[in-house]
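Hello,

Here is the structure I promised to pass on to you. Have a look at it first, and then read on for what turned up.

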Amino acid sequence: MKFNTKTIHGGQENIDPAYGSVMPPIYQTSTYSQSTPGGHKGFEYSRSGNPTRSALEKSLASIENGNFGLAFGSGLAAIDAILKLFKSGDEIISTNDLYGGSYRLFTRIFEGLGIKFHFIGMQDSGGIEDYINENTKLIWVETPTNPIMRIIDIEAVSKIARKHDLLLAVDNTFATPYLQQPLALGADIVMHSATKYLGGHSDVVAGGLVVNDKVLAEKLYFIQKASGAICGPQDSFLVLRGIKTLHLRMQRHCENGEAVANFLRSNPKLDKVYWPGFEDHPNHDIAKKQMSGFGGMISFTTKENTLESATTIVENLKVFTLAESLGGVESLAGHPASMTHASIPKEKRAKTGVVDSLIRLSVGVEDAEDLIADLKQAIG
Ligand code: P1T
């Protein structure tokens with residue numbers, strides 16, 4: 001089955017044996033009757049399993065080309081489950097440019113529990129080995145990175161992970177499996193904030209994991225069940241519905257992203273424009289190698305390079321909405337330094353490029369001409 005067919009049918013065979021409904025019913029139930037203790041029809045209690053969630057989990061596994069999918073109540077709940085694989089004394093190497101909430105979870109929760117994190121630039125994967133020692137257990141990669149759109153070579157990092165017997169997890173939220181399939185490139189775990197492109201309509205908060213290895217899947221399933229941060233049936237339904245149009249939306253996100261990126265680059269009031277599709281993007285070759293398109297996420301700074309200049313632009317926007325999040329059909333603009341990345345200390349933020357004049361765009365699927373006209377009037 002090819003990707004565009006998988007988004008609609010992947011893992012959805014015989015989804016409703018009772019009535020043949022084309023979409024899975026929303027099993028809004030906490031529990032399931034048993035004829036005798038243990039005599040159930042595959043589900044006992046909705047924390048450990050729910051048919052609607054199970055339909056989503058099979059879809060996630062299918063679109064990421066993996067064997068096992070798990071759906072969580074948020075992207076961070078999915079990351080939290082991965083981190084619970086480890087114990088005090090273990091070390092994790094992470095990209096230094098990453099979603100502020102992931103950084104906050106790593107440093108404010110798991111560092112306190114004794115896990116040590118190294119945040120490093122991974123565009124040159126050769127530097128990673130300097131941080132590996134006998135306690136290292138996981139390499140955490142976000143690519144493209146949030147919000148500077150750096151691209152990390154997943155295949156190269158996976159070779160290092162394999163050589164040292166480490167797990168490699170890739171946050172595939174920005175690219176989605178439409179553009180990039182980390183398991184095929186050697187990753188062990190793919191993670192999603194399904195809140196974003198997978199859901200696609202800014203109406204649900206959810207997360208997902210996909211793995212190939214059965215033992216790893218069983219460990220993660222145990223954590224999901226034991227900790228309980230599951231995706232509810234209604235939310236599972238919404239993400240599943242979103243996935244069915246993922247390929248159509250991503251195609252338009254990529255087209256609009258390219259048009260908007262080129263416009264921004266031609267605007268004399270702007271300085272840097274970060275988008276991996278530019279031929280002179282420092283990691284463009286890797287992007288071309290491991291992605292089938294460059295997506296609709298773009299960040300830029302103003303020539304004036306002040307907080308005020310960025311604030312004026314985001315306040316002037318009319319079609320773009322100033323809001324956290326990304327990946328929905330509607331275009332959003334964000335100010336990472338004060339919004340999504342405020343939990344990263346200012347000096348650390350600035351070092352990776354998240355300066356006060358940085359604006360991040362999630363380019364939606366509207367008419368590109370309207371988006372460009374909106375940016376033009378807002379930038380002035
Ligand atoms: O918001 P949640 O579903 O818990 O997902 C967290 C998350 C994880 N990984 C990446 C790359 C993300 O971008 C996010 C959430 N990000 C935003 C809310 C944002 O505006 O960047």
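Predicted model: local features only at pLDDT ≥ 70, side-chain atom pairs only at ≥ 80, totals over all residues.

Is Tyr45 buried, exposed or partly exposed? Its relative accessibility is 40%, so Tyr45 counts as partly exposed. Leaving aside residues up to four places away in sequence, Tyr45 touches Ser30, Thr31 and Tyr32. Of these, Tyr32 is 13 residues from Tyr45 in sequence, while the two C-alpha atoms are 6.3 Å apart in space.

Next, have a look at Lys6, which belongs to helix α1 (residues 3–9). Lys6 is buried and yet has no salt bridge. The nearest side chain of opposite charge is that of Glu64, 9.3 Å away; a salt bridge would need a distance within 4 Å. What Lys6 does have is a polar contact of 2.9 Å, side chain to side chain, with Asn65.

How many cavities of 30 Å³ or more does a search of the whole structure find? The search finds 1, and the largest cavity has a volume of about 50 Å³. Among the residues lining the largest cavity are Phe174, Tyr197 and Phe294, together with Met149, Met291 and Met297. Pro144, Pro276, Gly295 and Gly296 are also part of that lining.

Enjoy exploring!

Best wishes

Methods:
Residues numbered from 1 in each chain as written. Heavy atoms only, no water. Helix = DSSP H or I, 4+ residues; strand = E, 2+ residues; numbered from the N terminus. Buried < 20%, exposed > 50% of the residue type's maximum accessible area, 1.4 Å probe, protein only. Lys, Arg positive; Asp, Glu negative; His and termini not counted. Polar contact = N/O pair within 3.5 Å; in protein donor to acceptor, adjacent residues only side chain to side chain. Contact = heavy atoms within 4.5 Å. 1 Å grid on protein atoms, 1.4 Å probe; cavity = no way out; pocket = protein on both sides within 12 Å on 5 of 7 lines; lining within 4 Å. Points joined across faces, edges and corners; volume = space filled by probe spheres on them.
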